Amino acid sequence: MSVSLINTLSNPLKTASKFVSYQESASGLSASRLIQDTGTCLAPKVTFSRSKEDLAENVFLELSENAIVYLGPAVLGEKIARKIFSKGLNSGEKELVAKSFKELSGMTPVVRKKIAPVKAAIALSTMLIPLAEFSLSYLKNLFTLKVFNKSDFQNIASLEKNEENKEQQERVEKSAKHKIGMAGAIYGGLLGLSILMALRGKDSKKLQQLSEFIITPGDKLFRKNQKRASFVNKYFSQDFNSENGKLAMSKGQLTACVGIGGLGYFGSSADRGKENLLETASRFPLVGFYIITGGELFDKGFKKLLNKFGYCKDVINKDYSSPNFKELEKKAAELAKSNKTNISKEFKRLAGQKVLVAGVPYIFGIGIMGFFVAGMTNYFTRRRHKNFIKQSSSV
């Protein structure tokens, strides 16, 4: 993208515009979501940390899982799995691997039969990412146990100063090792299936059907209902998105990470006591919903509100998408010509609107959702504990 017009902006607007532009680029999407999710989840937890143990395990968990979720697909999917499972394809077919299955509708059945199992094999092999996130919750328990010799959530959250129970510590350690081993065994099976898919998929009708279900589950489940099919494909397909010919994390993969990772959250929390489980139950649904689709809904709702009152119409399309900065440069040139104004002046106005449209939902995610949820869950955890103590003492 040409950045000449961005460089004509004043420093604050130029910095914000470059950041928004980076968000929209293929290379910036995962990094941008990494920053947003880390800000949404980690910064508030650090601010509201209740002990050094609480702080340490939150930093460990959030940095590790966010790096895995948002950087893993580009490394494991694009650089490793795609190269390995595409070896049996010619150069032209290798490029088709990054396209969606619907984009392959114009290809011959023979080509589609070769590409679908490869795409499914890549998707299955990268299930390591959600399974690793599942395991991280148990690794966090082991980390706190080994480094701080604590497994009682009441001590970790500074609710009480109890003497650590050795039997509980043993149960937490045994459960963590068992669940991590279970996740490893599941991935071993999926990896074996992905290898079989890549080697035999094009010649097996059953593997062919399975591969198509993995990458387009909605089409298989709702053949006569396009609306439901599109919804299921969007949120449950394990196929990658394509960005400039490269594999990138899809919404369905993000859903898998949140869902499978959530099982780890709840299981590891239950191991450390009722208070930890209840805190997770009060926080996870809100954060999980926002990560998967809540942020998208807020973004669209904010644009609808601006459009209703006649603001930022030049940077909000009819479908409530927003033109990128390359398109804004062209639009600025057109407006300058029709309005007989300076192109830099028009671009400055458009850039300001663009930053507003993109920036408010971004800041909402970090500032409002993150801090509100962290503060709320900590408050209610302490309140529940005080009520429990009060009820116990009155008995």
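Reply: Gladly! H3 passes H12 in a right-handed crossing (the near helix is turned clockwise from the far one by less than a right angle). This is a predicted model, where local features need pLDDT of at least 70, side-chain atom pairs count only at pLDDT 80 or more, and totals for chains, interfaces and linings use all residues. Residues are numbered from 1 along each chain as its sequence is written, and side-chain values use heavy atoms, leaving out hydrogens and water.

Me: How are H3 and H12 oriented to each other?

Reply: The axes of H3 (residues 52-85) and H12 (residues 251-271) come within 11 Å and cross at roughly 150 degrees. Angles over 145 degrees count as roughly antiparallel. H3 and H12 are therefore roughly antiparallel.

Me: Which residues in H12 does H3 meet?

Reply: Contact means heavy atoms within 4.5 Å. From H3, Leu61, Glu65, Val69 and Tyr70 take part, and their partners in H12 are Leu254, Cys257 and Tyr265.

Me: Are phenylalanine 134 and tyrosine 138 buried or exposed?

Reply: Both residues lie in helix H6 (residues 128-148), four residues apart, about one turn of the helix. Buried means under 20% relative accessible area, exposed over 50%, and partly exposed in between, with a 1.4 Å probe and protein chains only. Phenylalanine 134 and tyrosine 138 are both buried.

Me: Which class does tyrosine 379 fall in by relative accessibility?

Reply: The relative accessibility of tyrosine 379 is 48%. Tyrosine 379 therefore counts as partly exposed.

Technical notes. Axes are lines fitted to C-alpha atoms, for helices over the stretch in contact, and angles run from 0 to 180 degrees between N-to-C directions. Helices (H or I, at least four residues) and strands (E, at least two) are DSSP runs, numbered from the N terminus. Angles under 35 degrees count as roughly parallel, over 145 as roughly antiparallel, 65 to 115 as roughly perpendicular and the rest as oblique.
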